[in-house]
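Hi,

Here is the structure I said I would pass on. Have a look at it first, and my notes follow below.

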Amino acid sequence: MTPALSAAQARRIAVAAQGFAATKPRATVNRAHLRRLLARIQLLQMDSVSVAVRAHYAPVFSRLGPYDRGLLDRAAWSHRAGSPRLLVEYWAHEAALMNVADWPLMRWRMRQWPHGRWGSHIVQANPQLVEDVTAAVAELGPATAGQIEAHLAAASGRAGRGPWWNRSDTKWVAEALFASGVLTTATRVGFARHYDLVANVLPPEVLTRQVDDQEAVRELMLRSADALGVGTEADLRDYFRLSPAQAKRAIAALVADGELEPVQVTGWGAPAYLRVGQVIPRTDRGTALLCPFDPLIFFRPRVQRLFDFFYRIEIYIPEERRQYGYYVWPFLLNGQLVARVDLKADRRHDALHVVGAFAEQGRSHPAVAEALAAELETMACWLGLARVSVGDRGDLAAELRRRT
């Protein structure tokens, strides 16, 4: 008989697996804290929106509390003696930072995209440009797409001929070479990616490691299970964006190997799989603000199942049609999603501005506002802002304003 879990047990497992049940470090967050966290959650999704703070910084703050963002920058984009690079960029979930040691597990995906994830027709139509971009990066070292393009333009001028490509083609080719594993991100300045050859960025033991495609997918699925605790096949495959066929095969292997256990979760319409050895917490724990791309909530159907919380990002919806706001952070209080706030780092007024604040139905506004105010004040301090300001939108705004 298939073991059963209640919906509450599944929620507690999921929150704990993502690192929220653990006590946040009291001392300064260090490299060891970061390493342990990334071993647990596996990846940090990246996004260009910076209205509050860029997405990859937020999950670390949500789980570990205030920390020096330079710690994450160094872990992702620098390599020094005694402090090797911990993370590397690739298409893991979407654009994401993932553990350097796991880069070989993505080679099957790199082979699927020999001409890039998008714009493959441009790459295929410009084989000479592919060679030239690769050669330019080898000569320049870490360089932006604009710097590569300028280098190629100068070289073509010295050769007595004009550029034979459209200006934007260089970026398409650089991105294609990133997707196919020829280039990676050496560093970022601001948010601009500086490309370099993978051999100049990744350790030799990572570059030389070869993993069978099916074994790589199995390992990625196991990492998904570690990060989620319990999940449906759709949940597990979404974490690293695997195909249904890949997921089914890997799950069958992991069940046969005793790594996953089939379970039935009350109210879930699909079979679920529990990571073997996962402890089922007895109580709800975990309080944090969650950015829209936090791995606890980036698969929206799972959010609905776990928390009975309907969540969609509204960036691309016209302002007059938005229900909650532009960049809305759900608020996790004692392991449950109880509210959401539209946040903006208002540097001009030296404030973390709450554009709107909304409580979930049936939640105590005073209790939620008190806990939320404390988290917002901590976040404002972390971002170097002097205060929290609260606007008028939302049924929680007035109560929150009284506490900030």
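How many nonpolar, polar and charged residues are there in the lining of the largest pocket? The lining has five nonpolar, two polar and six charged residues, where Ala, Val, Leu, Ile, Met, Phe, Trp, Tyr, Cys and Pro count as nonpolar, Asp, Glu, Lys and Arg as charged, and the others, Gly among them, as polar.

Before the rest, the ground rules. This is a predicted model, so local features need pLDDT of at least 70 and side-chain atom pairs count only at pLDDT 80 or more, while totals for chains, interfaces and linings use all residues. Residues are numbered from 1 along each chain as its sequence is written, and side-chain values use heavy atoms, with hydrogens and water left out.

Back to the pocket. The largest one holds about 320 Å³ of space. It has 13 lining residues, and Ser-48, Ala-95, Arg-188, Phe-191 and Arg-193 are the closest to its centre. (A pocket here is an open set of points on a 1 Å grid over the protein atoms alone where a 1.4 Å probe fits, with protein on both sides within 12 Å along at least five of seven lines; lining residues have an atom within 4 Å of a point.)

Next, helix 7, residues 127-140 (helices are DSSP runs of H or I, at least four residues, and strands are runs of E, at least two, numbered from the N terminus). Its buried residues are Leu-129, Asp-132, Val-133, Ala-136 and Val-137 (buried is under 20% relative accessible area, exposed over 50%, partly exposed in between, with a 1.4 Å probe and protein chains only). They sit on the same side of helix 7 because they cover an arc of only 135° around the axis, taken from the directions from the helix axis to the C-beta atoms. Pro-127, Glu-131 and Glu-139 are exposed on the face turned away from that buried side. After the helix comes Gly-141, with a positive phi near 80°.

Finally, the rings. The whole structure has nine aromatic pairs (Phe, Tyr and Trp rings, the six-membered one for Trp, with centres within 6.5 Å; planes under 30 degrees apart are stacked, over 60 edge-to-face, the rest tilted). One of them is Tyr-324 with Phe-358, edge-to-face at 4.9 Å centre to centre and 80° between the planes. Tyr-324 lies in the loop between helix 15 and strand 11, and Phe-358 in strand 13, 34 residues apart. Tyr-324 counts as buried because its relative accessibility is 18%. Ring pairs also link Phe-61, Tyr-67 and Trp-382 into a cluster.

Cheers

How values were computed:
Expected span 1.5 Å × (residues − 1). Points joined across faces, edges and corners; volume = space filled by probe spheres on them.
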